[in-house]
Amino acid sequence: MKEKMRLLLSMILATATFLFAGDRERIGTDSPILLTQGITSDAYQSIGFSNSVSTTIIDISTSNPASLNEFASPSFGFNVEYSTKINNAIFTDIGYERVNPWLPTTAGFIYPFNNFQIGISYHQKYSGSIDFGEIPITTIEDMDGSSGQTFSPVFETTIYSYSFLAAYSFKGIFHNEDKLSFGAQIFYDYLNSKEEIHRITSVEKGGDYSWKIGTVYKLNNLLSIGFLFEKGVDIEGKGNIHDKGDVSSSILSIPEYTFNVRLPNKFIFGLTTNPINNLSFSATLTSVFWNSIGNNNKDIIELSAGGIYKFPELFDISLGFYNTDRKYNETYFDNNLNATFISIGLRISMKNLEIIFEINDSHLFSAEKRKQTNIRLGLGYSIK
């Protein structure tokens, strides 16, 4: 049964590819990327050591750009991230994992000018590989694939984002202790996708711009509030299909086609409070406008909350949770995609160097398709 499901799925995908590519003027629907699992969590969520109000240098690419106001000296950093494979991400035994998991997930540099900060950053907005396993090769003479020959379909998609960001702060707006900061960030998003079914390979590449704006209001040392709007990805590009087999095959005549890939807009509200020395709490609500990229998608609310405790002269620890989901108006399969990640982190500061280690795990309170462990290691350095 497992092999028949894989074979059926691959045949459907191959047939759809041929039909799609046959129309020279057609603009395709969203590329077949695994939208739910492949989108990395953003630093404005209240887990780890960043949130919608403040951020670390390793997270500036996915944070509230207004939170750059906290950096008083030039700083740079990067983060690497490893996520365990989800074995049943679509159907049974059809899995998901990240592409090139040991490449940096985020990186950034900030340079401050008094109340003004500028920065550049890099981020993997999407990274996903679908694993179908080994599928028997069938022919007209061998419909059951009894020859023992197999192939492994390749479905890999990444979106790399490069950005410029800036923030400016106003102090003493209503009283001596408050501060109001505004920030903006512009991205260039580049998509690289490869789909390979036996001899047939489809390659899609394209890029476009997206943006993000935010504000942070620090009332005093007790309370800060952040707002943020993020314009989703909307990439239109060109795709090509070619046959790796017999050079006389008619597949070589298939023309170049146009595709479109979109990720949803988001609106974020968060707050942070410091009730006692060395302890802070934060919470974030994120409205994700999934319906804007497809009528069958429902908009959702994501919730995250966490705390950070500082052990003076030693280290900081963080503990939090992040709940997300994906809902549809009509469902045809088991589409329970609810996930709750529990997060724990450790931050060590040594003079100008900062080391951050975090573990995010969703095995306890999540659907089968979302059970995963995520490990992050970040290094930051301040030039003082």
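**Note on strand pairing and aromatic contacts**

1. Phe227 is partly exposed, with a relative accessible area of 37%. This value, like every other in this note, comes from a predicted model. The ring of Phe227 pairs with that of Phe269: the centres are 5.2 Å apart and the planes meet at 45°, so the pair counts as tilted. The two residues belong to distant parts of the chain, since Phe227 lies in strand E10 and Phe269 in strand E13 (residues 265-276), 42 residues apart. Phe269 is also partly exposed, at a relative accessible area of 28%.

2. The structure holds 14 aromatic pairs. Another of them joins Tyr122 and Tyr160, whose ring centres are 6.3 Å apart; their planes stand at 20°, so this pair is stacked. Here too the chain is bridged over a distance: Tyr122 is in strand E4 (residues 116-131) and Tyr160 is in strand E7 (residues 154-171), 38 residues apart.

3. Are Tyr122 and Tyr160 buried or exposed? Tyr122 has a relative accessible area of 16% and is therefore buried, because the limit for that term is under 20%. Tyr160, with 15%, is buried as well.

4. Aromatic residues also gather in a group. Phe116, Tyr168, Phe170 and Phe182 form one aromatic cluster.

5. The charged end of Lys125 sits over the ring of Phe187, 3.9 Å from the ring centre. Arg326 lies over the face of Trp290, and the distance to that ring centre is 3.9 Å.

6. Which strands pair with E9? One partner is strand E8 (residues 179-197), which runs antiparallel to strand E9 (residues 200-218) over 19 bridges. Within this pairing, Glu196 has Thr201 of E9 as its bridge partner. The hairpin of E8 and E9 has 2 residues between the strands, and His198 in this hairpin takes a positive phi near 55°.

7. Strand E10 (residues 223-230), which carries Phe227, pairs with E9 in the antiparallel sense over 7 bridges. Ile213 stands opposite Phe229 of E10. E9 and E10 form a hairpin, with 4 residues between them.

8. E9 also pairs with strand E11 (residues 234-243), again in the antiparallel sense, over 6 bridges. In this case Glu204 has Gly239 of E11 as its bridge partner.

Technical notes. Residues numbered from 1 in each chain as written. Predicted model: local features only at pLDDT ≥ 70, side-chain atom pairs only at ≥ 80, totals over all residues. Heavy atoms only, no water. Pairing = 2+ DSSP bridges. Phe/Tyr/Trp six-rings, centres within 6.5 Å; stacked < 30°, edge-to-face > 60°. Buried < 20%, exposed > 50% of the residue type's maximum accessible area, 1.4 Å probe, protein only. Lys NZ or Arg CZ within 6 Å of the ring centre and 35° of its normal.
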